[in-house]
Amino acid sequence: MDAFLQTDLSAVVEGINAVWVLTVTFLIFFMHAGFAMLEAGQVRSKNVANQLTKNLLTWSIGVIVFFLVGAGVSNLVAGAGFADSFAYMNGGSAAWIDWLFGAVFAMTAATIVSGAVAGRAKLRAYVTYTVLLAAVIYPVVVGFTWAGGFLDAMGFHDFAGGMIVHGMGGIAGLTAAWVIGPRMDRFNDDGTANVIPGHSLTFAVLGTLILAFGWYGFNVGTAAAPLAEGGSELADFAYVGRVALVTTLGMAAGAIGAAGVALLKTGKVDTLYVANGLLAGLVGITGVADAIVWPGALALGLLAGAQLPLVFEFVEKRLRIDDVCAVFPVHGSAGIMGVVLFPFFAVDGFSVGQLVTQVVGAGVIAIWTVAATALVFGGIRVLGEARVTPEHEREGLDTSEHGVDTYPEFGQPEGPVTDAAGVRTDGGVIGASDEYSTAEGENE
């Protein structure tokens with residue numbers, strides 16, 4: 001009877017833990033809706049369908065590649081044998097759940113890059129890079145760290161991917177944008193920058209809030225295994241309250257930090273800076289959310305948000321790199337800052353050794369990501385396949401790459417057109433069945 005109860009209890013614990021991991025995995029997957037809205041809102045209306053298509057294909061292609069190749073590569077890099085590295089493919093329910101939890105992190109890193117190269121990258125170039133990122137570039141980073149590689153052995157601390165996922169994605173996006181080059185008319189000959197505003201601030205803010213919602217799965221979800229046998233204590237779930245608290249405070253402080261710096265610089269509170277500052281605050285505490293308390297969350301969130309306008313201006317005006325959706329200041333520099341400053345806010349106290357480890361870890365990930373991304377996009381550029389033609393860029397990628405018009409009602413009128421007096425300007429006669437419009441405008 002005791003054996004039966006013990007077996008039954010094991011099944012209950014395993015089942016509840018599996019449901020928890022799957023639930024937070026689905027929550028992280030929903031972040032792709034946030035990325036889609038955030039990025040679509042920050043591009044011109046003539047490029048919205050292209051951006052949405054890239055988001056869809058990032059998941060659809062990337063997750064298959066990560067299953068067939070990427071997850072196994074992570075294990076190989078960490079030192080496992082070939083058979084053990086790919087055992088998850090036939091490993092049963094628990095192994096597949098673990099793989100899926102890792103896959104949504106991988107696809108988050110992949111989709112970050114699409115925002116940096118918006119408006120001029122060929123779809124085939126972006127998809128090619130996504131395949132290689134899911135198969136090799138991101139898995140190597142995981143192999144160094146979470147899978148048990150040398151950075152993990154050194155004690156590199158990255159709780160939920162502040163550097164491994166977001167920092168890596170932001171650095172990759174910046175590198176890709178540098179290799180491909182800026183959008184037409186983004187910079188003048190004298191080095192000054194022209195603003196090319198996104199078409200929908202509403203979409204951008206909606207995407208931000210969806211991402212913030214999904215981030216609870218990212219951070220709180222990493223505090224997995226709610227139940228454990230053999231006692232009344234919750235397993236790793238014991239510190240879930242701390243993780244939830246610092247995640248909340250970090251995002252709030254990030255928005256305030258970005259708003260404050262924008263106000264000091266321009267005298268106005270830029271809405272997009274506030275939105276992206278909120279995300280930068282989340283990135284800043286993602287790598288350390290398990291080992292800091294609320295003062296650290298407020299400080300890191302404020303710093304991550306405050307650096308956003310400054311780093312964006314540096315990338316734009318000094319480096320002259322066209323990072324359309326500000327993926328480097330939101331994900332890259334904020335992710336680096338969070339893990340590097342971790343020893344100053346850790347609950348266990350400051351350690352010089354930990355600081356050195358954090359700097360080395362961030363440096364290794366950054367060097368690998370820059371080198372691999374530059375190699376891939378550099379090769380694609382040499383082949384002449386990196387970006388669309390000037391004509392297609394002017395026309396918009398929705399038309400040239402997909403043959404669609406995202407907002408046909410706001411483009412050129414399709415039916416008979418009348419002037420202010422109601423007289424048709426095309427020489428025809430208005431009949432009772434005619435559809436006509438006086439709308440004017442250009443879909444860009």
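Predicted model: local features only at pLDDT ≥ 70, side-chain atom pairs only at ≥ 80, totals over all residues.
**Exercise 1. Decide whether His-32 is buried or exposed, and find which residues it contacts.**

Step 1. Locate the residue: His-32 belongs to helix α2, which covers residues 31-42.
Step 2. Apply the cut-off: buried means under 20% relative accessible area.
Step 3. The relative accessibility of His-32 is 9%, so His-32 counts as buried.
Step 4. List the contacts, leaving aside neighbours within four places in sequence: Asn-55, Trp-59, Met-107, Thr-108 and Thr-111.

**Exercise 2. Describe the largest cavity: what is its volume, and which helix gives the most to its lining?**

Step 1. Count the cavities of 30 Å³ or more: the structure holds 1.
Step 2. The volume of the largest cavity is about 60 Å³.
Step 3. Identify the lining: Phe-35, Leu-38, Glu-39, Gln-42, Ile-112, Asn-276, Leu-279, Cys-325, Val-327, Val-330 and His-331.
Step 4. Assign helices: at least two lining residues come from each of α2, α11 (271-286) and α13 (327-340). Helix α2 gives the most, with 4 residues.

**Exercise 3. Compare the span of helix α8 with the expected value, and state how many of its residues are buried.**

Step 1. Helix α8 runs over residues 162-180, 19 residues in all.
Step 2. From first C-alpha to last, α8 reaches 26 Å, close to the 27 Å expected at 1.5 Å a residue.
Step 3. Of the 19 residues in α8, 18 are buried, and the helix is mostly covered.
Step 4. Look just past the end of α8: Gly-181 has a positive phi of about 95°.

Methods:
Residues numbered from 1 in each chain as written. Heavy atoms only, no water. Buried < 20%, exposed > 50% of the residue type's maximum accessible area, 1.4 Å probe, protein only. Contact = heavy atoms within 4.5 Å. 1 Å grid on protein atoms, 1.4 Å probe; cavity = no way out; pocket = protein on both sides within 12 Å on 5 of 7 lines; lining within 4 Å. Points joined across faces, edges and corners; volume = space filled by probe spheres on them. Expected span 1.5 Å × (residues − 1).
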